[in-house]
Amino acid sequence: MKSKIIFPSIKNTLNSLFIALLLFSSLAGVAQHGQYVLDHTSNVGQYTTAAESKDKGLTPFVLDRKAARSRYLYLASELHMEGASATPRVISSLAFNVIELGSNEALTDYNISIAQTLNNNLANNMNPIPGSVLVKSIAVLKITELGWFEIEFDTPFAWNGTSNLIVEVCKTNADVIPLPKNVTVATTTQSSGTFFRSWALVNNINANPSPNGCEMIAANNPFNVANYLTTNRRARPNIRFTFKCNGNTSPGQASVKLNNNYCLGESVELDVINGERSSGLDYQWLSSDNNIDFYDMPGEYNAELVVERKEIDYYYLRATGCSDDTPDNGRIFSQPVKVIGVNTWNGTNWSMVNSPILAEPVRIDGDFDSALHGGVLEACSVEVLSGNVIFRSEHTLKIKDKLKVAATANVVFENNASLVQENNVANEGQIKYRRNSQPVRLLDYTYWSSPVSGQTPNAFSVGTPNNRIYHWNHLVSVQNWNSGVHNIPMIAGKGYIIRAPNGYPNSGSGQVFSGEFAGVPHNGDITLATQGKNPSIDLLAPVYWNLIGNPYPSALDADAFLISNSSRIDGTIKFWTHNSAPSGIYPGNQALNYNSNDYATYNLTGYVGGVTGPAGSITDPNDPGYVANTTVPGRYIAAGQSFMVAGGPTSGEGTVKFSNSMRVVGENKTFFKNANVIETIEKNRIWLEMRHEEGAFKQTLVGYVEGATNGLDWGFDGKMLETSPVLIYTKAEEQNLIIQGKGLPFSDTDSIPLGFSTTLAGNFDLNLYQFDGLFTNQVVFVEDTYTNTIHDLKEGIFSFQSVAGVFDDRFIIRFANETLSIPSVDSNSETILCYVKNQIINVKTTNQTLKKVVVSDVSGRIVFQNNTLNAASLAIETIAQQNQLLLVQVTNEDGLKSTFKIIY
């Protein structure tokens with residue numbers, strides 16, 4: 001029948017795991033009942049120096065002499081001060097504290113004896129001591145670890161409780177060849193006085209016959225024995241005596257050991273602090289679910305206990321008794337310890353009543369739907385034992401440590417759901433992570449990266465021909481697309497491109513592909529080999545590209561990734577949009593090639609490349625029915641997405657690193673996350689787009705950004721590396737830039753040359769399609785130096801005509817919100833002034849009479865005219881000010897005309 005005790009709860013005792021840990025830490029050095037240490041804390045002195053510790057007379061194991069014999073005196077009063085009672089006790093073992101190991105060979109032939117004496121000093125000889133007992137005979141002994149080295153006695157020593165103790169260690173057989181290095185033990189020296197606490201004899205190496213150490217009595221005997229410590233006999237080794245249990249055991253406090261990982265919710269190890277440390281003890285552990293009624297735990301008879309964390313808080317204590325006591329008599333019970341339970345979902349309720357928090361582990365043992373739990377589950381760790389567990393779209397599982405999934409459980413993350421973790425640990429068990437692409441046509445490729453291990457590309461996209469699954473062979477001098485990877489597990493952090501499955505439409509708006517990754521979710525530090533340019537080898541080499549991807553089942557902060565890998569890669573990322581169907585009109589080595597213009601671009605300044613205009617805009621001239629992908633890349637890279645990034649200009653071969661610090665909660669909705677995010681640094685940006693009448697287009701971004709300069713900056717400036725029928729760009733240090741970051745502060749007197757190149761002739765539109773920051777209230781003009789016109793881009797698109805060619809000097813972006821007076825080529829204009837002041841258009845001459853003034857807008861519509869003016873000046877106040885470009889034509893008395901352009 002199980003034994004039971006009633007153990008009433010005691011206020012202010014250990015009632016949580018954390019308090020138990022605290023007490024364990026603070027009390028770990030306290031002397032234990034039944035085991036006593038005599039060292040510098042025993043009011044007998046202080047530690048010796050390292051040199052003194054190495055003295056031959058201060059180690060019980062002298063290895064560098066043929067033979068040795070040492071005696072050490074320990075006072076009964078010292079044991080009493082440590083808590084030993086002055087009653088007869090049996091000593092079952094002793095230990096020396098090893099602080100430096102000796103030679104690697106085993107020790108052989110040692111005897112240890114103990115005697116009792118009333119003397120407070122040792123004699124300076126090794127004469128036999130009456131009543132000495134041989135407690136241990138050592139044939140072979142090897143000391144391999146530092147710390148207390150325990151020596152169990154063959155014959156326990158009966159101490160009377162009041163006499164001093166003499167411990168003798170001697171070698172019973174002289175070595176022919178001594179070992180080179182002694183064992184060093186911790187020692188203590190009396191702080192003052194002439195106390196004799198140690199005495200040692202050693203036999204030097206010589207040709208004389210050698211006795212064994214236990215035979216040596218005094219120095220200068222016929223065997224050339226030398227004495228030690230004649231001047232330092234106040235020093236001796238620290239020692240620990242262990243007494244046999246005598247029935248008066250100490251209860252102690254049950255405690256959780258410090259090496260347990262509470263966060264994981266795994267089993268914990270219990271022991272008892274300040275409990276009995278005598279030998280000859282027996283134990284019985286008891287448990288309770290209420291801290292009152294405790295029951296024996298069958299078979300748990302060890303000093304320590306390993307218990308599984310239960311679904312509720314549980315309490316444990318240990319009963320201790322001497323081996324000769326009956327099980328239920330003479331037992332002493334420790335104070336209990338509470339082991340906090342693991343909050344467990346059983347399919348209906350949480351075992352701990354309240355919902356989990358990030359600081360606590362969680363188990364799921366039944367069906368679980370995130371929609372019924374607020375969309376977010378936070379826990380220190382999660383173990384899924386059984387059930388169908390589903391995290392809905394845009395919902396999050398946030399874990400500090402590990403996710404562990406049993407083989408019988410089914411864990412699904414729907415498209416846009418997130419699994420975010422903090423610690424760099426390996427997960428266990430498989431999840432299913434679902435991902436939807438943008439709408440794709442049959443010949444469209446999507447750039448993928450697996451968030452789990454073990455997933456093969458062909459199992460992810462069933463229906464895609466094996467020869468239409470590629471990886472970018474980036475670690476070679478001539479980089480290229482290679483197939484043959486369809487049945488090889490996808491590498492963490494590596495990118496793959498996969499064509500739409502057979503049966504998808506060839507044209508039109510396309511169809512969303514829904515895939516499912518199955519495997520152990522990636523977590524922690526992940527590295528991937530990359531290639532950059534080696535300037536000592538690749539003097540004329542092109543840019544080396546790397547196809548890499550987000551390796552996690554959560555969004556990745558692109559800014560954090562770029563900054564962390566700044567020495568390895570270029571600071572600009574390229575995302576594939578597949579907006580154009582393959583065609584023979586695009587350059588390449590195939591009959592049908594893809595449009596390089598379909599790469600969107602992102603860096604620390606911002607992004608370009610998403611198609612502008614309303615959703616449903618038709619942008620592919622090869623497929624009039626196609627609905628464009630109008631999303632744009634942003635700071636957060638969605639799970640499952642890969643991207644291109646150039647290797648650093650001087651980085652050569654190396655690795656990029658992903659880490660959990662780059663992961664974010666949410667922000668995982670689409671492959672091109674909407675860029676409406678809260679910026680952590682100041683950004684003031686304008687986005688410009690150049691579009692040809694047949695649909696070819698290109699975009700560029702200029703931003704005044706905190707951290708950027710007006711020079712060429714890694715991470716803020718993105719080089720124009722694409723080729724396209726239409727290109728638009730700015731410049732820094734002779735480099736064409738698709739994205740340019742400029743230094744703060746902004747000045748409206750700045751001007752930015754805007755480069756333009758095209759292989760097409762015809763009509764073009766320049767559009768300011770987006771702006772933010774200070775540009776919300778700042779005018780933006782484009783000056784066309786070829787037509788001598790200025791246009792306010794906030795008022796609308798600027799249309800112009802062009803032939804094919806490169807035009808780096810045609811356009812200038814200006815910000816001045818003041819009168820612009822551009823005189824005509826007529827020499828007559830040199831004596832006529834036209835300007836705006838106080839919202840009035842002023843026309844003046846210094847030496848002529850004005851006859852006629854006509855004001856028109858850029859469309860030719862006349863907004864003011866005075867045909868009968870006979871004056872030297874005119875003030876025009878009747879025109880509504882609309883911040884537009886106006887043409888002012890002035891005719892003088894001689895009939896000569898001058899034309900001025902103003903912003904009004």
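Mentor: In strand S48, Val 645 is the bridge partner of Ile 573. The model under discussion is a predicted one.

Trainee: What makes S44 and S48 a strand pair?

Mentor: Pairing requires at least two bridges. S44 (residues 569-576) and S48 are joined by three bridges and run antiparallel, so the pair qualifies.

Trainee: How do you know that S42 also pairs with S48?

Mentor: Five bridges join S42 (residues 545-549) to S48, again in an antiparallel arrangement. As at least two are needed, the two strands therefore pair. Within this pairing, Trp 545 has Ala 646 of S48 as its bridge partner.

Trainee: Why is strand S48 called largely enclosed?

Mentor: Strand S48 spans residues 642-647, and six of its six residues are buried; it is therefore largely enclosed by the rest of the structure.

Trainee: Why is Phe 195 called partly exposed?

Mentor: Its relative accessibility is 34%. Buried means under 20% and exposed means over 50%, so Phe 195 falls in between and counts as partly exposed. Phe 195 is located in the loop between strand S11 (187-189) and strand S12 (198-203).

Trainee: What makes the contact of Lys 338 with Asp 313 a salt bridge?

Mentor: The closest N and O atoms of Lys 338 and Asp 313 are 3.6 Å apart. The limit is 4 Å, so the pair meets the criterion. Lys 338 is in strand S23 (residues 337-339), whereas Asp 313 is in the loop between strand S20 (305-307) and strand S21 (314-322).

Trainee: Are these two partners buried or partly exposed, and why?

Mentor: Lys 338 has a relative accessibility of 14%, which is under 20%, so Lys 338 is buried. Asp 313 has a relative accessible area of 21% and is therefore partly exposed.

Trainee: How do you know that Glu 783 and Arg 814 form a salt bridge?

Mentor: The closest N and O atoms of Glu 783 and Arg 814 are 2.4 Å apart, and the cut-off is 4 Å, so the pair qualifies. Glu 783 is buried at 14%, while Arg 814 is partly exposed at 29%.

Trainee: How many salt bridges does a search of the whole structure find?

Mentor: The search finds 21. Arg 69, Arg 71 and Glu 168 are linked in a network of salt bridges.

Conventions. Residues numbered from 1 in each chain as written. Predicted model: local features only at pLDDT ≥ 70, side-chain atom pairs only at ≥ 80, totals over all residues. Heavy atoms only, no water. Buried < 20%, exposed > 50% of the residue type's maximum accessible area, 1.4 Å probe, protein only. Helix = DSSP H or I, 4+ residues; strand = E, 2+ residues; numbered from the N terminus. Salt bridge = Lys/Arg side-chain N within 4 Å of Asp/Glu carboxyl O.
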